[in-house]
Amino acid sequence: SILAFALVISRNKLFLTTVAITSTLIPIFPGIYLWFGILYANIVAAVCMPIVLFVVVNFFFNLKFIKPWQSIVLGIYSLFALGFSQPNTVFIVYYFILILLPFSIVKLFKNKFTEMNARLKILSILLGIILSAFLYLTVTIFTYLNTTLYNYRFTENMIVPVRYGRKEGILAFITGNVDGKEISYFWNLPLMLIVFLGIVFLLVKHLHLYLVFSWILFSFIDFIAASWPEPLFRAYVSGLFYGEPARLLPIQAMCMIIFLSFGLVFIVDKLITFTQKYEFLNFNRICAIFLISIFVLGNISPAYTFNLSKIAYSYSLPDNNFNNPLSFSKNELRFMSRTINNLDKKYTVVGNPWKGATASWFLFGHKNVLYHATYSQDKNTLAVAKQLNQINVNPKICRAVKKLKLKYVYSFGGRCLWDRPCDEAFPGLIKLDENSAFKLIDQDKYGNKLYEI
C-alpha cells in the first residue's frame with residue numbers, strides 16, 4: 001500500500017527500496033493497532049489509505065499512472081470502501097485534499113502558461129487557498145446541518161477527557177507517539193531525527209511540500225486531541241476521529257515513512273561520496289549494508305520491541321481470567337468446547353459477552369442471543385440481558401425466552417474485558433444459583449458454569 005503511494009513521489013529504485021524496508025519501522029503504526037484490538041476497523045481502512053491517496057494525488061496532479069476517469073471511479077469506490085470500514089478515514093482524505101488543492105492549482109497554471117511569472121504564481125496560490133477554504137466551509141456547514149455528522153463530532157461520547165498534558169502533546173507532535181511515557185518518546189527520537197532530516201531535504205529542494213503540510217496538519221490535530229483542555233474546541237478539531245490521538249496516527253506514520261526514506265537516501269548519498277576511494281564499497285554494497293542495518297536496528301529498538309511484547313500479550317490466551325482483563329481464557333474455551341456439543345441445536349444460548357460467552361457462536365457454531373459486546377436494540381434480547389434471573393416472577397421474560405428459543409446460559413468466572421463492570425451491565429445473567437428456574441448441568445473448578453432454563 002505504501003509502495004503504491006511512494007510511486008507518485010518518486011520512481012527512484014533506491015527510494016522505493018528504502019520505503020519498503022522502513023514501512024513498518026514507525027513504532028506507533030502499525031504497532032499500536034496490532035495490539036489495541038478495538039481498532040481493528042481502523043486497521044482495515046488505514047492499510048488501504050496510501051493506495052487511496054495514490055489515486056487522489058494521481059488525479060489532482062494528472063500523473064498518468066491511471067486515466068482521469070479511472071481515478072474518479074476508483075476515488076468514489078474508495079470513499080465508500082473507507083466509509084464502510086471506518087468512517088473517520090474519509091475525513092483523512094478530505095483533509096488531505098484541502099492541503100493538496102492549492103498545490104494542484106499551481107501545477108495546473110504551470111501546465112497552462114509557458115511562462116509562470118510572480119503574478120500568476122500568487123494568483124494560482126490564492127485561487128487554490130480560496131477553493132480549499134470554500135470546501136472547508138461547505139463541509140463544516142454540512143456537518144452542522146446533518147444530524148448524524150453533528151453527533152459524530154459533538155456528542156458527549158466524542159468529547160473524551162484529555163489524557164495528556166501540553167508537554168506530552170508537543171512530544172506526540174514531534175515524535176508521532178502518544179502513550180504518555182516520556183522515555184518511549186525518546187526511544188522513537190533517533191528515527192525522528194532522520195524523519196526531520198527528510199523534511200528539511202524536501203523543504204530545501206521545494207519537493208512534495210503538500211506532504212510536509214499534511215504531516216503538520218495531522219500532527220496538530222493529534223496535539224489538540226492529546227492535550228487541549230477546552231473540550232468543545234478539541235471536539236471541533238478532532239471529534240471526527242473520536243477525539244483519540246490513536247485514530248490519527250496512520251496518516252502521520254505514512255508521511256513519516258516518506259520523510260524517513262528521503263532522509264536515509266540523503267545519508268546514503270553522502271556515504272557514497274565519502275567512500276568513493278574504497279573500490280570494494282560500491283553503490284549496491286553500501287545501500288545493502290546501510291538499509292539492512294537500519295532495518296535490524298529499527299526492529300530491536302525499545303520503541304519497537306515494546307509493541308511486540310504488547311502484541312504477544314494481546315494474542316495469547318491466559319489459563320484463566322482471574323488476573324487478566326481479557327475477553328477469553330483457555331479454561332473458558334475448554335469448558336465451552338467440552339459442553340457445547342451436548343446442547344440441543346434447536347435452542348439458543350446466552351452469556352455475558354464481556355466475559356467471553358460470544359465464543360459459543362463464532363468458535364463453536366451454537367447461536368448466541370448476545371453475540372456481540374454492544375447492547376442489542378431488540379426488546380427481547382434487552383429483557384434477557386436485564387432481567388433473565390426474574391423469569392420465574394415476570395411473564396414478559398418468559399415470552400422473551402420463548403421468542404428467542406433460549407434454553408442455555410453460560411456463566412464464566414474471572415474478570416470482565418478491560419475490567420469493565422460487566423456484571424452490572426448484564427444484571428439478568430447473575431445470581432442464577434439462587435434461582436430455581438435454572439438447573440446447573442455442568443461446571444468446572446474455575447467457576448465456569450452451564451445452566452439449563
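Me: Which residues is leucine 432 in contact with, leaving aside its neighbours within four places in sequence?

Reply: Contact means heavy atoms within 4.5 Å. By that rule, leucine 432 touches Asn389, Val409, Phe438 and Tyr451. Bear in mind that this is a predicted model, where local features need pLDDT of at least 70, side-chain atom pairs count only at pLDDT 80 or more, and totals for chains, interfaces and linings use all residues. Residues are numbered from 1 along each chain as its sequence is written, and side-chain values use heavy atoms, with hydrogens and water left out.

Me: What separates the C-alpha atoms of leucine 432 and tyrosine 451?

Reply: They are 8.2 Å apart, with the two residues 19 apart along the chain.

Me: Is leucine 432 buried or exposed?

Reply: Buried means under 20% relative accessible area, exposed over 50%, and partly exposed in between (1.4 Å probe, protein chains only). Leucine 432 counts as buried because its relative accessibility is 3%. Across the chain, 46% of the 453 residues count as buried.

Me: Where is the place of leucine 432?

Reply: Helices (H or I, at least four residues) and strands (E, at least two) are DSSP runs, numbered from the N terminus. Leucine 432 sits in the loop between α21 (422–425) and β3 (439–443). In total, the chain has 21 helices and four strands.

Me: And how do contacts look in the chain as a whole?

Reply: Taking contacts between residues at least 6 apart in sequence, 66% join residues at least 24 apart.
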